[in-house]
Amino acid sequence: IIKAVTLALKEFALFNASFSAETNEIILKKHYNIGIAVDTPDGLLVPVIKNSDQKGLLQLGKEVQVLADKARERTLALDEIQGGTFTLTNYGAVGALSGMPVIKHPEAAILGIGSITKKPVVGANDEIVIRQILPITLAFDHRFIDGGNAGRFIQRLRSYLEQPMLLLLG
C-alpha cells in the first residue's frame with residue numbers, strides 16, 4: 001500500500017503538501033515520507049518511512065517491520081517520527097471495517113485502511129461473485145483539496161492496488 005500511495009502522490013502533488021497559515025501558501029513537498037501509524041501498548045506512534053519513492057517493495061516491507069518493532073519497543077529515534085508528508089493508519093489491523101482518520105498536522109491528508117472482508121458484488125455479465133473488499137477512507141485538507149481530486153486520487157490508488165504489476169514498474 002505504501003508503494004501504491006507513493007505512486008499516487010506523485011500524480012496528485014497536493015496530497016503530498018502542507019498549508020502555511022502564516023503565508024497563506026500551499027507548500028508542495030518534493031520528497032515522499034510516509035508515516036505509518038503503529039498501535040502500541042502505550043498508544044499510537046507514527047514512525048516515518050523516508051524517501052519511499054526511492055525504495056522497492058521488499059525494502060519498504062523490511063523498513064515497515066523494523067520501524068513497527070521499534071515503535072512497540074519504544075526505541076524510535078526522534079528523526080524516525082518526524083518529517084512525514086502523508087500518513088497511513090490501519091484500523092483494520094484491530095478488526096475495524098472503517099474509521100475516520102484525523103490528519104496529522106502539517107500534512108494535507110491521511111489514508112485509513114479497514115479490514116479486508118469477503119462481500120458479494122455484481123461482476124461482469126451481471127453475475128454475483130464473492131470478492132475481497134478493502135475499505136479505505138481518505139481525510140484531506142479542504143482548504144486546498146476538493147472532493148473531485150480526492151475521488152481521482154482514490155481511483156488511481158485503487159488501480160495500483162488492483163494491478164500490482166504497476167507497483168513493480170513504478
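Biologist: Which strands does helix α3 lie across?

Modeller: In this predicted model, helix α3, residues 147-162, lies across β7, β8 and β11. Its direction is at about 145 degrees to β11.

Biologist: In what order do the strands of that sheet stand?

Modeller: The general idea comes before the case. Strands of a sheet pair through backbone hydrogen bonds, and the pairing is either parallel or antiparallel. Here the sheet is open and has five strands, in the order β6-β3-β7-β8-β11. The pairing is mixed.

Biologist: Which strands stand at the edges?

Modeller: Those are β6 (48-49) and β11 (136-140). Each has a single partner strand, so one side of each is left without a neighbour in the sheet. Helix α1, residues 2-11, also packs on the sheet, where it touches β3 (34-36), β6, β7 and β8. The direction of α1 makes about 145 degrees with that of β3.

Biologist: Is the pairing of β7 and β8 parallel or antiparallel?

Modeller: Strand β7 covers residues 86-89 and strand β8 residues 109-113; they pair in the parallel sense, over three bridges.

Biologist: Now the pockets. How much space lies in the largest pocket?

Modeller: Again, the general idea comes before the case. Rolling a probe the size of a water molecule over the atoms shows where empty space is left. In this model the largest pocket holds about 520 Å³ of space. It is lined by 20 residues, and I36, A37, V64, T89 and N90 are the closest to its centre.

Biologist: What lines the second largest pocket?

Modeller: About 400 Å³ of space lies in that pocket. Its lining includes I116, V121, R131, Q132, I133 and L134. Also among the lining residues are I136, I154, Q155, R158, L161 and E162. The elements giving two or more residues are β10 (128-133) and α3.

Methods
Residues are numbered from 1 along each chain as its sequence is written. This is a predicted model: local features need pLDDT of at least 70, side-chain atom pairs count only at pLDDT 80 or more; totals for chains, interfaces and linings use all residues. Side-chain values use heavy atoms; hydrogens and water are left out. Two strands pair if DSSP finds at least two bridges between them. Helices (H or I, at least four residues) and strands (E, at least two) are DSSP runs, numbered from the N terminus. Contact means heavy atoms within 4.5 Å. Axes are lines fitted to C-alpha atoms, for helices over the stretch in contact, and angles run from 0 to 180 degrees between N-to-C directions. On a 1 Å grid over the protein atoms alone, a cavity is a set of points where a 1.4 Å probe fits but cannot get out, and a pocket is an open set with protein on both sides within 12 Å along at least five of seven lines; lining residues have an atom within 4 Å of a point. Grid points are joined across faces, edges and corners, and a volume is the space filled by probe spheres set on the points.
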